[in-house]
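Q: I've got a new model open and would like to talk through its side-chain packing. Could you take a look with me?
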Amino acid sequence: MTVSPLAPEWLSHPADANALRPQMWARDVTRNSNGELEVAGVSASALAREFGTPLFVMSEADFRARAREFKDSFDAAFADLCGGVDVYYAGKAFLCTAVARWVREEGLRLDTCSGGELAVARRAGIPGPELGLHGNNKSDAELIRALDMGLGRIVVDSMAELHRLDALAASRGEQAPVMLRLTPGVHAHTHDFIATAHEDQKFGLSMAPDPAAGGESPAAAAVAAALEAKGVRLLGLHCHIGSQIFEPEGFELAAKRLLGFLAEIKAVHGVELPELDLGGGYGIAYTEADTPRPPAEIAQAMAAVVGSTCAELGLAVPRISIEPGRAIVGPTTFTLYRAGTVKTVRVDTADGGTAERRYVSVDGGMSDNARPVLYDADYSAVLASRASEDDAVMSRVVGKHCESGDIVVRDVYLPADTGDGDLLAVPGTGAYCWALSSNYNYIARPPVVAVLDGTARLIIRGETEDDLLARDVDAAGARSPELLKE
């Protein structure tokens, strides 16, 4: 095999076309004796026959194991500091009723960011005290639902929201449990669209001094207002520096800055706030270039920083919470596609020559994985329905949508004989793929199946054409007379 001059720097050699990189897959994904991909004993071809393609395939055992690993690792690291950690699964990564139930059964809490996600939590039977609500523009209806459900925390994102929530809760004779989301000015090493702790973005209350307010920061003003508010019970502070982050320095710096701010609050107001949420954003492996840290390593490093900083500042260690989402669900799932049209083109190379690139089209694309278009996200892919002895050739896996940017996997080596009818599997699609899915080109969103101990079952059914048309109001007379009068 020869290296294609089109290969990215990290893809330094033609990969074994049949190899599975363990860090990218659920732990019970293997190849069987026929070379076919299988998860928990269920083969890719069996899944495709029963559920069709495209198909999100999730390992339930792997999800549960990763959830437990975060909970156990952080509890162990923080046991002597604050008695353990509250782990909130970030439902925005992927949420359905089944997953919400797994989260609770494994000892985690659930973080939501909309009324719809709260509805899923309620259907799953999760008690309000085990829920949190995020969002930079929560509606009154969402805040009222949070109060009705007795949520354990509402993460307030602005002074305006703080005043609205105070008024709503006070009118009911209640106190809303509040965390204040702050922006600590830490620029995470990730895509700008998923970096959320620097100043120039929509989330949170800045910790930077505001000259127009006499040097008081928006964060300090919000703390003072929350402590005085009749309808608010201030639990603590929250930050989230971004997503898909591998370097530990950003998390450590954010923790130090928030703990320093807790010390300032103690000095100014005589109050030690009891809780501190350090967010999530831990990276996973989408390609062989990615090197995620295990939860135990993350937990131990974070505990060391929190413990030493609190000791220096003379603070009692607050109850710590974190919000992993992608790091739990991302590797548990792969998307199964069926290949169709294949073509080969010649592409100019950096050395002035040309090289071949093969385009392999599949029966899904940007409607089931928008991340390559949104963030230039990289993925990998393997031939799933069989093994191949052919050489691996540089390929680009593309979708079926009417967009030239509809790319599923930008650069990957696939067997030269990959062709029409073959099944391809793209790992690491558990987070932000189904959650961001759309009906572009009137494509139905795929089903999601959970596989456990040799059995696959639907946890989200796939859409049908009837579903796509169900909300389409016929201009010939299906609209109600009341709407026609407007």
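Q: Which ring does the charged end of Arg181 sit over?
A: Bearing in mind that this is a predicted model, the charged end of Arg181 sits over the ring of Phe203, at 4.4 Å from the ring centre.

Q: And what about Lys343, which ring is under its charged end?
A: That one is Tyr359, whose ring centre lies 5.9 Å from the charged end of Lys343.

Q: Switching to ring pairs, how are Phe94 and Trp434 arranged?
A: Phe94 and Trp434 form an edge-to-face pair, with 5.9 Å from centre to centre and 90° between the planes; the two residues are 340 residues apart in the chain, Phe94 being in the loop between strand 5 and helix 3, and Trp434 in the loop between strand 19 and strand 20.

Q: Is Phe94 buried or exposed?
A: Phe94 counts as buried because its relative accessibility is 2%, under the 20% cut-off, whereas Trp434, at 21%, counts as partly exposed.

Q: Why is the pair of Phe251 and Tyr282 called tilted?
A: The ring centres of Phe251 and Tyr282 are 5.2 Å apart and their planes are at 45°, so this pair counts as tilted. Phe251 lies in helix 8 and Tyr282 in the loop between strand 12 and helix 9, so the pair ties together parts that are 31 residues apart in sequence.

Q: Okay, now the largest nonpolar core: which residues touch the most other members?
A: Among the 106 residues of that core, they are Phe74, Tyr89, Phe94, Leu180, Leu237 and Met302, while helix 8 gives the most to the core, with nine residues.

Methods: Residues numbered from 1 in each chain as written. Predicted model: local features only at pLDDT ≥ 70, side-chain atom pairs only at ≥ 80, totals over all residues. Heavy atoms only, no water. Core = buried A, V, L, I, M, F, W, Y, C linked by side-chain atoms within 4.5 Å. Buried < 20%, exposed > 50% of the residue type's maximum accessible area, 1.4 Å probe, protein only. Helix = DSSP H or I, 4+ residues; strand = E, 2+ residues; numbered from the N terminus. Phe/Tyr/Trp six-rings, centres within 6.5 Å; stacked < 30°, edge-to-face > 60°. Lys NZ or Arg CZ within 6 Å of the ring centre and 35° of its normal.
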